[in-house]
Amino acid sequence: MSIHQPLLDGSQKAFLSCYLDNLSLVERLHRLLLDVIKDEFERLAILEINSVQALLLFNIGENEVTAGELKSRGYYQGSNVSYNLKKLVELGYMNHQRSEIDRRSVRVRLTDKGRKVRGLLSELFARQAEQIEKRALVDTSGMDEINTALRRMERFWTEQIRYIY
């Protein structure tokens with residue numbers, strides 16, 4: 001046994017095993033979501049942006065935000081936010097404008113082209129929600145339970161980052 005592994009009783013081992021499964025599922029689900037978006041965009045012959053950029057457009061929606069707010073508001077989870085914003089501006093999916101008050105700050109918002117991509121993703125997600133409901137894979141209360149559990153995990157991890165060194 002490793003000196004770094006605590007001694008766990010049966011229920012603790014079972015809980016740890018479930019927790020590790022959750023971590024793996026969250027990661028796989030995010031990657032699968034990006035693959036679903038990629039496949040949809042390939043089907044629609046939208047090849048100039050990637051799925052991460054498309055999801056960023058979807059999450060921003062009608063909001064006008066700074067690059068710093070993207071992560072704090074949960075619109076963007078990855079690295080290279082500056083690269084993706086620059087690319088989306090260059091390709092005409094987003095507008096950017098320097099703040100009159102703080103010239104270092106840049107605000108971004110979707111263009112009509114960006115809103116079109118957002119609409120395509122909205123349609124994709126609506127179709128998927130309809131299929132999930134039709135197949136009775138998860139009902140509304142099940143979705144609520146999943147969301148509640150995931151929000152609790154999000155709060156726990158946020159506390160870990162902020163309060164534990």
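How many helices and strands does the protein chain have, and which residues of helix α2 are buried?

Mentor: This is a predicted model, in which local features need pLDDT of at least 70 and side-chain atom pairs count only at pLDDT 80 or more, while totals for chains, interfaces and linings use all residues. Residues are numbered from 1 along each chain as its sequence is written, and side-chain values use heavy atoms, with hydrogens and water left out.

The protein chain has 6 helices and 3 strands, where helices (H or I, at least four residues) and strands (E, at least two) are DSSP runs numbered from the N terminus. From the N terminus on, these elements follow the order α-α-β-α-α-β-β-α-α.

Helix α2, residues 51–60, is mostly covered, since 8 of its 10 residues are buried; buried means under 20% relative accessible area, with a 1.4 Å probe and protein chains only. Those buried residues are Ser 51, Gln 53, Ala 54, Leu 55, Leu 56, Leu 57, Phe 58 and Ile 60, and they pack against α1 (10–43), α3 (67–72), α4 (81–90), β2 (94–98), β3 (106–110) and α5 (112–134), a contact being heavy atoms within 4.5 Å. For the protein chain as a whole, 22% of the 165 residues count as buried.

Just after α2, Gly 61 takes a positive phi of about 55°.

Terms used: Buried < 20%, exposed > 50% of the residue type's maximum accessible area, 1.4 Å probe, protein only.
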